[in-house]
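The stops below are given in the order in which they may be selected.

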Amino acid sequence: IWRRVNERIYTSKTVVLLELKEHAQPFSPALVKNIHEENVSDALYFQPEDKVKVFRKFLKKGYKGYFAYLDGHCVHRSWAVPGPDKVMLHKFYTIRLKTEEVFIQYCETAPEARGKNIFAHVLSVIGNDFKNKRVYTSAGSENISSLKSMYKAGFSEISRIHIKIVCGIKNIRSISI
């Protein structure tokens, strides 16, 4: 609870917003599958039960989920949110998607599967599934490994959003590239 209180007193974060510009095809040994009610529990290999409940809610909202498997085990998850909808780039900053836009969020790779190009591969699959839409994603500027995967998959930085909160007062600046 103190962490949340402290974040409202002082926060200084930079979020990088990226758009898919070229459809790259990075190689990975992982098999990518869409998430359905029948396989949503596969996430339990590296996720707690409460996340599976969240994933079921995502499915009901019409979000499109992706699992990646290595050696038969689910080791990655990503979610594509189609517009129109609102998505959070940061807990203190949301954007509204238009009908022709998709936002990739809620991505995670199991620790033992990192460094195998899985995230870049999944991003590429999602990009191919939404070829007729503008596809976006984001990461904190300090999350170098995620940003590298995003660049490998063909994403380009389009803006940086600087979020600063001092004594509960928000100051948000967006710098377009």
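Select Tyr 63 to begin: in this predicted model, Tyr 63 has a relative accessibility of 7% and therefore counts as buried, the cut-off being under 20%.

Next, display Phe 67 and Tyr 69. Their ring centres lie 6.2 Å apart and their planes meet at 85 degrees; because angles over 60 degrees count as edge-to-face, this pair belongs to that class. Phe 67 is buried, with a relative accessible area of 0%, and Tyr 69 counts as buried at 8% relative accessibility. While Tyr 69 is in view, show Lys 33 as well: its charged end sits over the ring of Tyr 69, 4.9 Å from the ring centre.

A search of the whole structure finds seven aromatic pairs.

Colour Val 52, Phe 55 and Phe 58, which are buried in α2. They lie on the same side of the helix, because they cover an arc of only 110 degrees around the axis. Which residues are exposed on the other side of α2? Select Lys 53, Lys 57, Lys 60 and Lys 61 to see them. To inspect what covers the buried residues of α2, show strands β4 (73-82) and β7 (101-109), which are included in that cover. Just after the helix, Gly 62 takes a positive phi of about 95 degrees.

The last stop is the largest nonpolar core, which has 52 residues. Select Phe 103, Ile 118, Met 150 and Phe 155, the residues with the most contacts inside this core. Helix α3, residues 118-129, gives the most to the core, with six residues. Finally, centre the view on Met 150. Leaving aside residues up to four places away in sequence, Met 150 touches Leu 18, Phe 119, Leu 123, Thr 137, Ser 138, Ala 139 and Phe 155.

Notes. Residues are numbered from 1 along each chain as its sequence is written. This is a predicted model: local features need pLDDT of at least 70, side-chain atom pairs count only at pLDDT 80 or more; totals for chains, interfaces and linings use all residues. Side-chain values use heavy atoms; hydrogens and water are left out. Buried means under 20% relative accessible area, exposed over 50%, partly exposed in between (1.4 Å probe, protein chains only). Helices (H or I, at least four residues) and strands (E, at least two) are DSSP runs, numbered from the N terminus. The arc is that of the directions from the helix axis to the C-beta atoms. Contact means heavy atoms within 4.5 Å. A nonpolar core is a set of buried Ala, Val, Leu, Ile, Met, Phe, Trp, Tyr and Cys residues joined through side-chain atoms within 4.5 Å. Rings of Phe, Tyr and Trp (its six-membered ring) pair if their centres lie within 6.5 Å; planes under 30 degrees apart count as stacked, over 60 as edge-to-face and the rest as tilted. A charge sits over a ring if NZ of Lys or CZ of Arg is within 6 Å of the ring centre and within 35 degrees of the ring normal.
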